[in-house]
Amino acid sequence: MLRAICKDLGLDMRLRVGYVNSGGPEGAPAWISCPVPMPLYGTREFRSSLVTVYIRKDYLEQASFAMLVSTMAHEMCHAVLNGMRHVLRLQEEVVDLTAMILGYREFYLTSIEKVTVETMPPGLQAFMQRLNMASFSSFEVEYEERSFGYLTARELRYAASLMT
């Protein structure tokens, strides 16, 4: 998946993935290791650079697909901004916005919402119908909004509305 994101972003440097139990910035689900200074984007030196993306194993086990895509796009946008020597490359919010601008907006928006639908088990539903208690075959929908990345859910929605 990370290779596909790199290809989509036009990044053709050498890439390595590290699955880790610990280390890196505190609380970060993933981080990137790039040469310092990063060679300029598009140069031969940039293409021969080795970039390592570290992803916590526990994050991989619990994150949704959209969260994983957004996280990987975010990390690779560090390489984009570093390769451009952008003055705001160290601002994590700018990295999130860059990933959104470069095509990962919908993954970010999906990552801030969690909907859980609980239905009555089919066996219990059939039993209730046999007892003429079909009205008890209701379901419950739970909606949760969570923060994701370095922008609040409100900031993500606002930025996305400006990008459409």
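So, to start: are H4 and H5 roughly parallel or roughly antiparallel to each other? They're roughly antiparallel, where that label takes angles over 145 degrees, roughly parallel takes those under 35, roughly perpendicular runs from 65 to 115, and the rest are oblique.

Before I go on, a word on what we're looking at. This is a predicted model, where local features need pLDDT of at least 70 and side-chain atom pairs count only at pLDDT 80 or more, while totals for chains, interfaces and linings use all residues. Residues are numbered from 1 along each chain as its sequence is written, and side-chain values use heavy atoms, with hydrogens and water left out.

Okay, the overall layout. The protein has 7 helices and 5 strands; these are DSSP runs numbered from the N terminus, with helices being H or I of at least four residues and strands being E of at least two. Reading from the N terminus, the order is α-β-β-α-β-α-α-α-β-α-β-α. Of the 164 residues, 37% are buried, and buried here means under 20% relative accessible area, with exposed over 50% and partly exposed in between, using a 1.4 Å probe and protein chains only. Take the contacts with a separation of 6 or more: 69% of them are between residues 24 or more positions apart, contact meaning heavy atoms within 4.5 Å.

Back to the helices. Two packed helices are described by the angle between their axes and the distance between the axes. For H4 and H5, the axes come within 8 Å and cross at roughly 155°. Those axes are lines fitted to C-alpha atoms, for helices over the stretch in contact, and the angles run from 0 to 180 degrees between N-to-C directions. The H4 and H5 crossing is right-handed, that is, the near helix is turned clockwise from the far one by less than a right angle, and left-handed is the anticlockwise case. On the H4 side the contact includes Phe-65, Ala-73, Cys-77 and Leu-81, and on the H5 side Val-95, Ala-99, Leu-102 and Phe-107 are among the residues they meet. By class, that contact divides into 14 nonpolar, 6 polar and 2 charged residues. For the classes, Ala, Val, Leu, Ile, Met, Phe, Trp, Tyr, Cys and Pro are nonpolar, Asp, Glu, Lys and Arg are charged, and the others, Gly among them, are polar.

H5, residues 92–111, also packs with H7, residues 153–163: here the axes come within 10 Å and cross at roughly 115°. H5 and H7 are therefore roughly perpendicular to each other, and the crossing is left-handed. H5 brings Leu-97, Met-100, Ile-101, Arg-105, Tyr-108 and Leu-109, and H7 brings Leu-156, Arg-157, Ala-159, Ala-160 and Met-163. That contact has 9 nonpolar, no polar and 2 charged residues.

Next, the aromatics. There are 4 aromatic pairs in the structure; rings of Phe, Tyr and Trp (its six-membered ring) pair if their centres lie within 6.5 Å, with planes under 30 degrees apart stacked, over 60 edge-to-face and the rest tilted. Trp-31 and Tyr-54 have ring centres 5.4 Å apart and planes at 20°, so that pair is stacked. Trp-31 sits in strand E2 and Tyr-54 in strand E3, 23 residues apart. Trp-31 is buried at 13% relative accessibility, while Tyr-54 is partly exposed at 24%. Then Tyr-41 and Phe-46 are edge-to-face, 5.2 Å centre to centre with 65° between the planes. Phe-46 is buried, at 0% relative accessible area, whereas Tyr-41 is partly exposed at 38%. And ring pairs link Phe-65, Tyr-104 and Phe-107 into a cluster.

Most residues other than glycine have a negative phi, and most peptide bonds are trans. Arg-85 isn't a glycine, but has a positive phi of about 55°. You'll find Arg-85 in the loop between H4 and H5, partly exposed at 38% relative accessible area. Beyond residues up to four places away in sequence, Arg-85 touches Pro-37, Met-38, Pro-39 and Leu-40. Now look at Pro-37: the peptide bond from Val-36 to Pro-37 is cis, with omega near -5°. Pro-37 belongs to the loop between E2 and helix H2.
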